[in-house]
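Trainee: I've got a protein model open and I'd like to learn how to read it. Can we go through it together?

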Amino acid sequence: MKILLVGMNHRTAPVEERERFAVDDPLPWLAKLVDSPEIQEAVLISTCNRVEVIAAAGNLEAGRHRLRSFFHRELGQAAPLPQQRSENAVLYEHVDIDAVRHLFRVSASIDSLVVGEPQILGQVKEAHTLATSAQTVGPVLNRLFHASFAAGKRVRTETGLASGAVSVSFAAVALARKIFGDLKGRTVLVVGAGVGVISTELCLV
């Protein structure tokens with residue numbers, strides 16, 4: 001059994017592309033994946049900064065082709081990618097130990113937009129829970145994900161990784177304080193949309 005991971009994140013795709021591939025309800029997509037003969041187990045992680053599928057497949061090349069087709073033809077609805085980017089540039093792929101290492105890095109928030117942010121481990125756990133309810137997780141991925149949870153927890157409790165700025169909004173406030181000093185009494189204008197912007201505004205207030 002081979003472990004495959006195909007996905008995109010904040011490093012390989014701009015936010016408008018990630019939004020196009022984002023999934024609100026992974027259950028029907030997971031069922032579709034494991035119904036195909038190439039994929040035996042699958043978990044789909046979809047957050048604001050990444051969309052990834054981790055799968056167990058009996059045949060490496062068949063599984064790889066199925067996951068890439070899944071991203072392009074199903075999640076992406078066969079819409080062409082921007083001309084300045086090829087599919088290979090947007091999507092990354094990891095196999096076996098590299099896939100395991102990548103998932104551990106994600107669970108430990110080492111691969112996050114802001115290293116050490118606390119939400120991602122909960123998001124990975126939720127993705128595993130949903131895949132379990134869809135019965136698309138078997139012995140291979142179940143063992144892998146539980147190991148990644150333990151690794152993520154150890155990183156948070158045994159290192160100082162989460163001691164600094166652990167969100168985009170927190171980092172923005174820290175940078176503003178570094179540039180302007182005390183923010184008390186200052187007027188702040190926030191332009192944009194999304195939870196991160198709201199969080200930044202609340203922090204500054």
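This is a predicted model: local features need pLDDT of at least 70, side-chain atom pairs count only at pLDDT 80 or more; totals for chains, interfaces and linings use all residues.

Trainee: Which residue forms a salt bridge with Asp111?

Mentor: General idea again: side chains of opposite charge can pair when their charged atoms come close. The rule here asks for a side-chain nitrogen of Lys or Arg within 4 Å of a carboxyl oxygen of Asp or Glu. Asp111 pairs with Arg11, and their closest N and O atoms are 2.6 Å apart. This pair links distant parts of the chain: Arg11 is in the loop between β1 and α1, Asp111 is in the loop between α5 and α6, and they are 100 residues apart. As for those labels, helices (H or I, at least four residues) and strands (E, at least two) are DSSP runs, numbered from the N terminus.

Trainee: How many salt bridges are there by this rule?

Mentor: The count comes to 11. Have a look at Glu93 and Arg64, whose side chains meet at 2.3 Å, N to O. Glu93 lies in strand β4 and Arg64 in helix α3, so this pair ties together parts that are 29 residues apart in sequence. Glu93 is partly exposed at 24% relative accessible area, and Arg64 is partly exposed at 21%. Then compare Arg66 and Glu74, with closest N and O atoms 2.9 Å apart: Arg66 and Glu74 are both buried. Salt bridges can share partners too, and that is how Arg11, Arg50, Glu52 and Asp111 are joined into one network.

Trainee: On to helices. Which residues of helix α5 are buried?

Mentor: The general idea first: an α-helix has 3.6 residues a turn, so residues three or four places apart point the same way. In α5 (residues 97-107), the buried ones are Ala99, Val100, His102, Leu103, Val106 and Ser107. They cover an arc of only 165° around the axis, which puts them on the same side of α5. That arc is taken from the directions from the helix axis to the C-beta atoms.

Trainee: What do the buried residues of α5 pack against?

Mentor: For packing, think of contact, which means heavy atoms within 4.5 Å. The partners are the strands β1 (2-9), β2 (41-46), β3 (50-57) and β4 (92-95), plus the helices α6 (119-133) and α7 (139-158). Just after α5, check Ser109, which takes a positive phi of about 60°.

Trainee: How many aromatic pairs does a search of the whole structure find?

Mentor: It finds 4. Rings of Phe, Tyr and Trp (its six-membered ring) pair if their centres lie within 6.5 Å; planes under 30 degrees apart count as stacked, over 60 as edge-to-face, and the rest as tilted. Phe21 and Phe71 make a tilted pair, 6.2 Å centre to centre with 35° between the planes. Phe21 sits in helix α1 (residues 15-21) and Phe71 in helix α3 (residues 60-75), 50 residues apart. Both Phe21 and Phe71 are buried. Phe70 and Phe71 have ring centres 6.1 Å apart and planes at 90°, so that pair is edge-to-face. Phe70 counts as buried because its relative accessibility is 0%. Ring pairs link Phe21, Trp29, Phe70 and Phe71 into a cluster.

Trainee: One more contact case: what does Thr47 touch?

Mentor: Thr47 is in the loop between β2 and β3. Not counting residues up to four places away in sequence, Thr47 touches Ile120 and Gln123. With 13% relative accessibility, Thr47 counts as buried.

Definitions and conventions:
Residues are numbered from 1 along each chain as its sequence is written. Side-chain values use heavy atoms; hydrogens and water are left out. Buried means under 20% relative accessible area, exposed over 50%, partly exposed in between (1.4 Å probe, protein chains only).
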